[in-house]
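Here's a quick tour of one protein chain, written for someone new to reading structures. Have a look at the picture first, then read on.

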Amino acid sequence: EEEAQSSYVEKRYIHTEGHVVWALSSISLVRDSQGNPSHFVSLFQDITERKALEEQLRHQAFYDSLTGLPNRALLLDRLEEALDPGRREGSLVTLLLVDLDDFKVVNDSLGHDTGNVLLLEVAKRLQASVRPGDTVARLSGDEFVVLLETTNLDEGQWVSERIQKYLQEPFEIYEREVFVSPSIGIALTEGAEYKPKELLRHADLAMYAAKKRGKAQYEFYSPSMDTQIQERMHLESDLRRAVKHGELEVHYQPMIELHTGRICAFEALARWRHPERGLLAAEEFIQNAEETGLIRPVGLWVLEEACQQGKEWREHYPDRTLLMSVNFAASQFSHQAHLISKVLSNTGLDPKGLQLEITERAVMDDAELSIEKLKKLKALGVRFAIDDYGMGYSCLYYLKRMPVNSLKIDQSFIAGLGKDRGDTAIVSGTIAMAHDLGLKIVAEGVGTAYQLAQLKELGCDLGQGLHLGEPLASEAVAALLNED
């Protein structure tokens, strides 16, 4: 006999008990030896388990395992469909990229179980913020995406504001309140043709712009963001070259003892002798260094140079007991604090001649561990100053426990001294509080004789700024010390 000719059909049935049963139905035509149709053979096979497994695999491929939301693959598929010019017919595609601010703090302080429950609750609130036909997806970690199809240019802004409103309410997790805030980037098609990943990248750039503006914000994408990212990439590339080829320098700005007018310390400040742009101040590249992680090699090099220079000056001017003050960024404090004793040993600088300037944020990211690090370094003789005081957490509970020697009042408060009642009150109160705690006060950014007179009257200990002395190369500092 010849082989049977077969056809197959999958059918879905509803069982009398209400559940779904899938069956594979096959029918085959059997012919006799002369090739004439003889009879049919029909088979029915229960494939319910196979269909369930297929559905499970499909769900795993296109849906997030924690929240059940569409994942990146399904989002891109839906976005490509939404961006199809033949389908849109004048509709506007709006993409919102939602990133939870400081979510890592929740995981680190409360544990990953709490973090996962929080992500589940955030997913629910995001879904409640949009219409049933809109897509809410989870990209990865604490990043979510909302896909809107609308004809209204303002829809992205309205939904962003609803999301912020819904997420600002506390989350009750394991009998404790947890708070989060979202940074949201908004990208619109506005009639132009886009590829899915291109629109997603625009939303990502806008989200980072929102974070840079202060978090808990939303920001619309603009073409200038592409220009900024290109400039930042060029700057990063140039900075990596600068570290490798020795284009960095250290300049030193004097700190003046206000009641005597004598130089008592120098702050080491990084400078970059750019081959095309000339000498760049730290403000023009340090933020980029912090964002890219280059702050660690740059900061460590500055520390080594400053310690070596500090040792030479203390030997040449033994009666001056000059202090070398070096900025120590948050990333350095987290990863390089253990290297400080090695740098002191290699350069030969007396630990009592080194002061590290750290910000409140560097300490408060993990206050207890930071205080222990500070105490170990303090035991060596190293001094500490809180830099930009008043611009960070300003946690007085930890301040009284930290083994610091001085506070540096941020220059933004010094600028309004004697003219702005608020600035004057802050400076006056900070000086009084510091003295009661046994700390010295350094005023940053002293720019005028009037500000200097006000600081003297308030009893400020030290001053630093262009009115008192600009940052100088080491050769110029030597001449200054000889004249002082």
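## How confident is the model?

The chain has a mean pLDDT of 88, and 95% of its residues reach 70 or more. pLDDT is the predictor's confidence in each residue, from 0 to 100. Helix α3 (residues 85-88) has the lowest mean among the elements, 63, while strand β19 (residues 462-463) has the highest, 97. Helices (H or I, at least four residues) and strands (E, at least two) are DSSP runs, numbered from the N terminus.

This is a predicted model, where local features need pLDDT of at least 70 and side-chain atom pairs count only at pLDDT 80 or more, though totals for chains, interfaces and linings use all residues. Residues are numbered from 1 along each chain as its sequence is written, and side-chain values use heavy atoms, leaving out hydrogens and water.

## A five-stranded sheet

Five strands line up as β5-β6-β4-β9-β10 in an open sheet with mixed pairing; strands pair if DSSP finds at least two bridges between them. At the edges sit β5 (135-140) and β10 (218-220), each pairing on one side only.

Strands β4 (residues 92-100) and β6 (residues 143-150) run antiparallel, joined by eight bridges. In β6, V146 is the bridge partner of L96.

The axes of α2 (residues 72-82) and α7 (residues 196-212) come within 9 Å and cross at roughly 110 degrees. Axes are lines fitted to C-alpha atoms, for helices over the stretch in contact (heavy atoms within 4.5 Å), and angles run from 0 to 180 degrees between N-to-C directions.

In this contact, R72, L76, L79 and E80 of α2 meet P196, K197, L199 and L200 of α7.
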